[in-house]
Amino acid sequence: MSYAAVHEDEHHDHKPTGIGRWLFSTNHKDIGTMYLVFALIMFFIGGAMAMVIRLELFQPGMQYVDPQFFNSMTTVHALVMIFGALMPAGVGLANWMIPMMIGAPDMAFPRMNNMSFWILPFAFTLLLSTFFMQGGAPAGGWTMYPPLVLQLGNGFPFLIFAIHFLGISSIMGAINIIATVFNMRAPGMTFMRLPLFVWTWIITAFLLIAAMPVLAGAVTMLLTDKFFGTAFFNAAGGGDPVMFQHIFWFFGHPEVYILVLPSFGVVSQIIPTFARKPLFGYASMVYATASIAFLSFFVWAHHMFTVGMPLAGELFFMYATMAIAVPTGVKVFNWTATMWRGSMTFETPMLFAVGLLIMFTIGGFTGLMMGITPVDFQYHDTYFIVAHFHYVIVPGIIFGIIGGIYYWLPKWTGHMYDETLGKWHFWLSAISVNVLFFPMHFLGLAGMPRRIPDYSTQFTDWNQIISIGGFVFGVSQLILVWVVIKCVRGGEKATDQVWEGAHGLEFTLPSPPPYHSFTTPPEVTDATAHS
Amino acid sequence: MSVDKLKQTVLGLIAVSLFMVSGTVFADYALNLTEGVTPTSHRVYELHMMILYIVTAIGIVVFGVMCWSIFHHRKSKGAIAAQFHHSTTAEIIWTIIPIIILVAMAIPATKTLIFMEKTGDAEMTLKVTGYQWKWKYDYLDEGISFFSALHQDSNNARQRDSGIDPNTVENYLLDVDNPVVLPINTKIRILTTAADVIHAWWVPALGWKRDAIPGFINDNWTYIEEPGIYRGQCAELCGKDHGFMPIVINAVSKEEYAVWVEEKKAEQAEAAAGGDRERSMDELMEKGKTVYASNCAACHMPEGQGVEGLFPALNGSAIVNGPASEHVNLVLNGKNLMPAFKEQLNDVDIAAAITFERNSWDNKAGDVVQPAGVKAAR
């Protein structure tokens, strides 16, 4: 052991330099960094589209863009954020942290890891190039419902193949994570000793493998309907346009949990650290996460209650959707119980975690409301649903990812970030995100449909408040970039443990950790297991 | 936004976040779901309020515990961390209680849903067909049918850089040229379907929305209890002008409805009778202008300039300036994204629109297409 420690630097820690270090990287940390940087760039591209949307909706009448371009903005905003920002950010965190958390030197398939990242820039080049094509960028909604999506011009095949590439990338990433966790755990790191972030990622990886091929199948059928004369989704040819929605949401609902579970994992790491208290109900957290994932395959049709299903179908999907509230509630109660009688401090990661806890719960409440079929007939396709899923995604998923970045940034860079800037980032984001999304509930209930480029004058006041919240939230995110750059360049030296209450293998490594995380597997006991 | 309005909105926000105001105050600020005017909408509203109160109560408890913990269990207040990490009793309790609450919510929800699905025993049937971007209404028992599109005032104001302030337009984007007239106190079966892409027919006051899907027919019902004008919109993204195909219901007494039916029938008979009459260029150009505005301008744009890459320009187009027979054929039968207008418009309207297109902007075909010619080409 001591021999390995002494010689580790000489033999293993010389990293490749220049552009080759990134292009040909097989290192989980470098690939993790690339995923995170890519996600950040996409976050700002998708965010810029949201700013265009909010600018046009600032007042009634059409001022800045045409309706068709507006539809492209809503469509591509969603595709970029979901597939370009949220999923890669989750994979980036997984790449960085999973080997360090389970006591492994790297991921199981380093070259596949490289490939699954480098597919992404090409996939998004395909997608974003459609803006310059005849017929413009996709404008039929990110859900790509036929027959509308088939009206897209030359960009159509580019959309389909971008989706295919993203699916391949995700599946490779998922296989890698499963292989890594199943085979490369340190001695003594049993499954029930895994940090919860690793658990949520295993479950996410299985969801990816189950769900992404379904999406690939659905978009392939769109492709053949458009170019090869099939009629899967064309009633005139014996097909069924609603069948696409069933297939799409069979992917789409698990996708929601693919996005959110990694953030749940991050929060389950952060809260015990800053409460200086072990996570409450570790085992029930694991079972609750697995139950949510399992149930997520039986609730898809709640996204499409208004298509006109038989009564029995509507009842089944209503009951199944309500059932998901139970394991989700267990998670929220467990996090609260972890905080209870702790000794809490509120550094930036903890602020984002508590922000997630409160605001995700609000999104959960509206989710429960929409699960009730007869009332969903009113809520469906209004700003109420826009408010709901943005509460889940922005202060839910994104706050989790940002919290994770603040939490592990000192570990990654070896420097503490600027705590004052971090707090500014949190408070500006937390306030503006509510100004941005809370009034959308009122608009939806008052009757404003979603995906409209212009609205009746009675909705003006709330839309103006929403747009102001949106602009402030957008600008606030630049603070994150500033903090990260500042932290990479220098700052107060971080200790190995970084945070007073931190536990887990990643905090036994130096800050920054060596290029190959654990060349000698550590011994894990009950005492050193999960935080 | 005036200071008064700002004050109102802030007060509204506070009121809602405290949940201490009655339902009517909610409605004044347009913050809450409408109670509507049908037995269904009343039930849906009650269910909505019940769940809203339940989740608010749960929220107060859960957030209360969190806040208590955040304020009292701080290191800076000298809190020392307990080390408990498990309690089977607590976990069983917070699994069982939510299940009980959910069952309590599911029972009234199931009853309401079953009530909404009883579409039988209707006294009349209205078929609603979604088109890009207007609605067609067929009164199946009366043989009345017509299209309903965005009102011309709204349509002018909503053009980009129109220079018209939407605040000066009455019921901006929520007004149509031909409202759908329905009798009150009548069980009406409403069928929804579509001709091109999926739309959704939604009038909040009725208490539901339902998708209009090409090739499929959904059935629904309503029973309007109070006369009045009820407005709604298409709720499913259906392309470029999805935001510009509103719905207006004019609910009237049964007697007034009967009068309206007779008038409408007479009007349609008159329109059908005079179909073959020879018309002057001026007459066709004038009619064509309105037909073009409500049927063609959405894609080919008000000045015939089209949308690059999506919808071809008509100004200077080879087909518009070529032989009239090809032009008529294209309009009747459609091509690619262009719908077949033979099912949507009568001979007079098609003849007028084509004549207008051939003699407007830079187009100088100079010929007149007569309704009889269109009839022959069908």
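**Strands, helices and the contact between chains**

Guide: In this predicted model, S1(B) and S2(B) form a hairpin in which 2 residues lie between the two strands.

Visitor: How many bridges join strand S1 to S2(B)?

Guide: Strand S1 of chain B covers residues 124-131 and runs antiparallel to S2(B). Within this pair, Val128(B) stands opposite Tyr137(B) in S2(B). The number of bridges joining S1(B) to S2(B) is 6.

Visitor: Which residue takes a positive phi in the hairpin of S2(B) and S3(B)?

Guide: Strand S2 of chain B, residues 134-139, runs antiparallel to S3(B) and is joined to S3(B) by 5 bridges. One of the residues involved is Tyr139(B), whose bridge partner in S3(B) is Ile144(B). This hairpin has 4 residues between the strands, and the residue with a positive phi, near 75°, is Gly143(B).

Visitor: Why is one side of strand S3 and of strand S8 in chain B left without a neighbour in the sheet?

Guide: The open sheet has 5 strands in the order S3-S2-S1-S5-S8 (chain B), with mixed pairing. Strand S3 (144-148) and strand S8 (218-222) of chain B stand at its edges, so one side of each has no neighbour in the sheet. The reason is that each has a single partner strand.

Visitor: What is the average twist from one strand to the next in that sheet?

Guide: The sheet in question is the open one with the order S3-S2-S1-S5-S8 (chain B). From one strand to the next, its twist averages 20°.

Visitor: What is the bridge partner of Trp201(B) in S9(B)?

Guide: Strand S6 (residues 199-203) and strand S9 (residues 228-234) of chain B run antiparallel and are joined by 2 bridges. In S9(B), the bridge partner of Trp201(B) is Cys234(B).

Visitor: Which helices of chain B do the buried residues of H7(B) pack against?

Guide: Helix H7 of chain B, residues 281-295, has 15 residues and reaches 20 Å from its first C-alpha to its last, close to the 21 Å expected. Its buried residues are Leu284(B), Gly288(B), Val291(B), Tyr292(B), Ser294(B) and Asn295(B). They pack against helix H8 (297-300) and helix H11 (347-358) of chain B.

Visitor: What is the radius of gyration of chain A?

Guide: Chain A has 15 helices and 0 strands. For its 531 residues the globule rule gives 24 Å, and the value for chain A is close to that, so the chain is as compact as a globular protein of that length. The radius of gyration is 23 Å.

Visitor: What percentage of the residues in chain A is buried?

Guide: The C-alpha atoms of chain A fill a box of roughly 75 × 50 × 45 Å along the principal axes. Of the contacts in chain A between residues at least 6 apart in sequence, 83% join residues at least 24 apart. The buried share of the 531 residues is 61%.

Visitor: Is Phe346(A) buried or partly exposed?

Guide: Phe346(A) is placed in the loop between H10 and H11 of chain A. A residue counts as buried if 20 or more other C-beta atoms lie within 10 Å of its own. Phe346(A) has 16 within that distance, so Phe346(A) is partly exposed.

Visitor: Which helix of chain A gives the most to the side that touches chain B?

Guide: The contact takes 84 residues from chain A and 83 residues from chain B. By class, the side of chain A that touches chain B has 47 nonpolar, 28 polar and 9 charged residues. With 15 residues, the helix that gives the most to that side is H10(A).

Definitions and conventions: Residues are numbered from 1 along each chain as its sequence is written. Chains are lettered from A and ligands numbered from 1 in the order in which they are written. This is a predicted model: local features need pLDDT of at least 70, side-chain atom pairs count only at pLDDT 80 or more; totals for chains, interfaces and linings use all residues. Two residues are in contact if their C-beta atoms, placed from the backbone, lie within 7 Å. Ala, Val, Leu, Ile, Met, Phe, Trp, Tyr, Cys and Pro count as nonpolar, Asp, Glu, Lys and Arg as charged, and the others, Gly among them, as polar. Two strands pair if DSSP finds at least two bridges between them. Axes are lines fitted to C-alpha atoms, for helices over the stretch in contact, and angles run from 0 to 180 degrees between N-to-C directions. The expected span of a helix is 1.5 Å times one less than its number of residues. A residue is buried if 20 or more other C-beta atoms lie within 10 Å of its own, exposed if 12 or fewer, and partly exposed in between; C-beta atoms are placed from the backbone. The radius of gyration is taken over C-alpha atoms; the globule rule is 2.2 Å times the number of residues to the power 0.38.
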